[in-house]
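Trainee: I have a structure open and some questions about how it is put together. Can we go through it step by step?

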Amino acid sequence: MDMLKRLEEDIIVAMKNQDKDKLATLRMVKGALQLEVINKHVEKNDELLISIIVKEIKTRNESVDTFIKGNRQDLVSKTLEEIRLLKGYLPTQLSSDEVEDIIDRVFLLVKPTGVSDMGKIMKEIMPLVKGKADMNLVSRLIKSKLNI
């Protein structure tokens, strides 16, 4: 089943089950998707949904850090639950070894000479790992291979 259809069906199930937290999170994703479609004049698709979910997870991870510093355990728990729910919509995540293999293949293709080639490397890697790997991990692995 495609992700857009699954999102719609999960919203309906959450409404029927009166699961307010899940419903609020899913509606937020749907709203962000619709806003993106309107603002960028693009068509709804799974790739767009994945990019929105990745952004929302990143935002929530930053919020968790802030909540921890503010000693707001109630908000930490709620936000971590939202992250868990959102991650359920992402494709199966690549392992660190799989990411390293992809980076090695891209290095053979791009033949980087230094940090100035980071953009070329990321341009080749992004379509292969977007939504399937933590981009911070990808960036760290690339930088270690470039000896930065």
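Mentor: Start with a term. A crossing is left-handed if the near helix is turned anticlockwise from the far one by less than a right angle, and right-handed if clockwise. Keep in mind that this is a predicted model.

Trainee: What box do the C-alpha atoms of the protein chain fill?
Mentor: Take the box along the principal axes. Its rough dimensions are 55 × 40 × 30 Å.

Trainee: Are α3 and α4 roughly parallel or roughly antiparallel?
Mentor: Their axes lie 9 Å apart, and the packing angle is about 160 degrees. Angles over 145 degrees count as roughly antiparallel. Therefore α3 and α4 are roughly antiparallel.

Trainee: How do the residues of the contact of α3 with α4 divide?
Mentor: On the α3 side, the contact includes Ile53, Ile57, Val64 and Phe67. On the α4 side, Leu75, Val76, Leu80 and Ile83 are among them. The contact divides into ten nonpolar, two polar and four charged.

Trainee: Why are α5 and α6 oblique to each other?
Mentor: α5 (residues 96-110) and α6 (residues 118-129) have axes 10 Å apart. Angles over 145 degrees would count as roughly antiparallel, and 65 to 115 as roughly perpendicular. α5 and α6 are therefore oblique, with a packing angle of about 140 degrees.

Trainee: Is the crossing of α5 and α6 left-handed or right-handed?
Mentor: Look at where they touch. Ile102, Val106 and Phe107 are among the α5 residues, and Ile121, Ile125 and Leu128 among those of α6. The contact divides into ten nonpolar, no polar and two charged. The crossing of α5 and α6 is right-handed.

Trainee: Which residues in α1 meet α3?
Mentor: The axes of α1 (residues 3-16) and α3 come within 8 Å and cross at roughly 60 degrees. α1 and α3 are therefore oblique to each other. On the α3 side, the partners are Asp46, Leu49, Ile50 and Ile53. On the α1 side, they are Met3, Leu4 and Leu7.

Trainee: Which element gives the most to the lining of the largest pocket?
Mentor: The largest pocket has a volume of about 600 Å³. Two elements give two or more residues to its lining: α3 (46-69) and α7 (135-145). With six residues, the one that gives the most is α3.

Trainee: Which residues lie nearest the centre of the largest pocket?
Mentor: The pocket is lined by 17 residues. They divide into seven nonpolar, five polar and five charged. Nearest the centre are Val54, Lys58, Ala133, Asp134 and Met135.

Methods. Residues numbered from 1 in each chain as written. Predicted model: local features only at pLDDT ≥ 70, side-chain atom pairs only at ≥ 80, totals over all residues. Heavy atoms only, no water. 1 Å grid on protein atoms, 1.4 Å probe; cavity = no way out; pocket = protein on both sides within 12 Å on 5 of 7 lines; lining within 4 Å. Points joined across faces, edges and corners; volume = space filled by probe spheres on them. Helix = DSSP H or I, 4+ residues; strand = E, 2+ residues; numbered from the N terminus. Nonpolar A, V, L, I, M, F, W, Y, C, P; charged D, E, K, R; others polar. Axes fitted to C-alpha atoms, helices over the stretch in contact; angles between N-to-C directions. Parallel < 35°, antiparallel > 145°, perpendicular 65-115°, else oblique. Contact = heavy atoms within 4.5 Å.
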